[in-house]
Amino acid sequence: MTKRRLRADGTPSPRGGRTPKPPPTEEQLAELERLTDQFPESLRAFRDRGLLNPVRRFRLEEAIRHRSRTLVPVLHGVHDPHNQAAVMRTCEALGLQEFHFIQSTAGSSLHANPRITQNAHRWIDVIEHADFASAQGKLRERGLACYAASFEEDAVPLQEMDFTRPLAILFGNESKGLPEEIIEACDRTFVIPLYGLSQSLNISVAAAVTLTWAVEARRHAWGDPGNLTPEEQMELRWRFYETALRGNLPDDLRQSLDNPD
């Protein structure tokens, strides 16, 4: 019989390497019910008809509460599908609702490998752009500055960057990084300080380090990095609740979701 691995304190380690989240308290579940009472009838049906249990609805609401569209990772020409998928998973895990991908001659098409994303791509907006100019134009229309990960001599250390402003963070190809013209078009460049003998990080690791630092900087400044408006939260709620059922919706409820109240 296979022995289960133990934590340092002697308790069994969760199977699959996952750390279970603590269950919601009675007070949190009561607040969930008060919130649900205010939903349109079609959304309340997920509770009233027993389609989603309270713990599942609580997890979805917590994810929605922490979501943001003002911190946007953008990959340019990243060709390894494992790296693409790993950044998607990091993006969702940190509460970032958007993942942007720019095609280039140095890269390949976008592929959300579910074995790597663990289906995280189902919960975020995966947005592709034909080129950098198109992506930058759309991001700037929304008031997002552009920061570039770069080894340029004047690149600012990651820890000194201001991540509280609305911004997009660009990461380049695994071997060559970002093209010079893109770096010059960005508002600022930054570098992750390295103190060992390795001269660089894998792109998915670099993105994870950068985005985690950025989210924590926002948490320190604001208390909670989530900043969707109530309207944006409600729009996302319709989608999350349907996604949680993996499409197994009653026909009458599906029609209601297609035409929300």
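1. Ala, Val, Leu, Ile, Met, Phe, Trp, Tyr, Cys and Pro count here as nonpolar, Asp, Glu, Lys and Arg as charged, and the others, Gly among them, as polar. With those classes, the lining of the largest pocket comes out as 11 nonpolar, eight polar and 12 charged residues. The model under discussion is a predicted one.

2. The volume of the largest pocket is about 1,200 Å³. It is lined by 31 residues, and Lys21, Arg56, Glu92, Ala93 and Trp123 are the closest to its centre. Four helices each supply at least two residues of this lining: helix 3 (54–65), helix 4 (81–93), helix 8 (203–222) and helix 9 (230–244). Helix 3 gives the most, with five residues.

3. The second largest pocket holds about 430 Å³ of space. Its lining consists of 21 residues, and those nearest the centre are Ala149, Ser150, Phe151, Gly177 and Leu201. Two elements give two or more residues to this lining, namely strand 7 (188–191) and helix 8. Sorted by class, the lining of the second largest pocket has 12 nonpolar, seven polar and two charged residues.

4. One cavity of 30 Å³ or more is present in the structure. The largest cavity contains about 40 Å³ of space. Its lining is made of His66, Ser68, Leu71, Leu94, Gly95, Leu96, Val215, Arg218 and Pro225. Five of these lining residues are nonpolar, three are polar and one is charged.

5. Next, the overall make-up. The protein has 10 helices and seven strands. It is 261 residues long, and 40% of them count as buried. Among contacts in the protein with a separation of 6 or more, 76% are between residues 24 or more positions apart.

6. The seven strands of an open sheet follow the order 3-2-1-6-4-7-5, and their pairing is parallel. Which strands stand at the edges? They are strand 3 (125–129) and strand 5 (156–157); each has a single partner strand, so one side of each has no neighbour in the sheet. In general, the strands of a sheet pair through backbone hydrogen bonds, in either a parallel or an antiparallel way.

7. Strand 5 runs parallel to strand 7 and is joined to it by two bridges. Opposite Pro157 stands Val191 of strand 7. Helix 8 packs on the sheet and touches strand 1 (71–76), strand 6 (167–171) and strand 7. The direction of helix 8 makes about 160° with that of strand 6.

8. Is strand 4 (residues 145–149) largely enclosed or left open by the rest of the structure? Strand 4 is largely enclosed, because four of its five residues are buried. Strand 4 pairs in the parallel sense with strand 6 over four bridges, and with strand 7, also in the parallel sense, over three bridges. Tyr147 stands opposite Ile169 in strand 6. Ala149 has Phe190 in strand 7 as its bridge partner, and Ala149 is also one of the residues nearest the centre of the second largest pocket.

9. Thr210 belongs to helix 8. Is Thr210 buried or exposed? Thr210 is buried: its relative accessible area is 0%, and the cut-off for buried is under 20%. Leaving out residues up to four places away in sequence, Thr210 touches Leu158, Ile169, Phe171, Phe190 and Ile192.

10. Which residues is Ala214 in contact with, apart from its neighbours within four places in sequence? They are Leu71 and Phe163. Ala214 and Phe163 are 51 residues apart in sequence, while their C-alpha atoms are 5.4 Å apart in space. Leu71 is also among the residues that line the largest cavity.

11. A last point concerns helix 2 (residues 41–48). Its buried residues are Ser42, Leu43, Ala45, Phe46 and Arg47.

Key. Residues numbered from 1 in each chain as written. Predicted model: local features only at pLDDT ≥ 70, side-chain atom pairs only at ≥ 80, totals over all residues. Heavy atoms only, no water. 1 Å grid on protein atoms, 1.4 Å probe; cavity = no way out; pocket = protein on both sides within 12 Å on 5 of 7 lines; lining within 4 Å. Points joined across faces, edges and corners; volume = space filled by probe spheres on them. Pairing = 2+ DSSP bridges. Contact = heavy atoms within 4.5 Å. Axes fitted to C-alpha atoms, helices over the stretch in contact; angles between N-to-C directions. Buried < 20%, exposed > 50% of the residue type's maximum accessible area, 1.4 Å probe, protein only.
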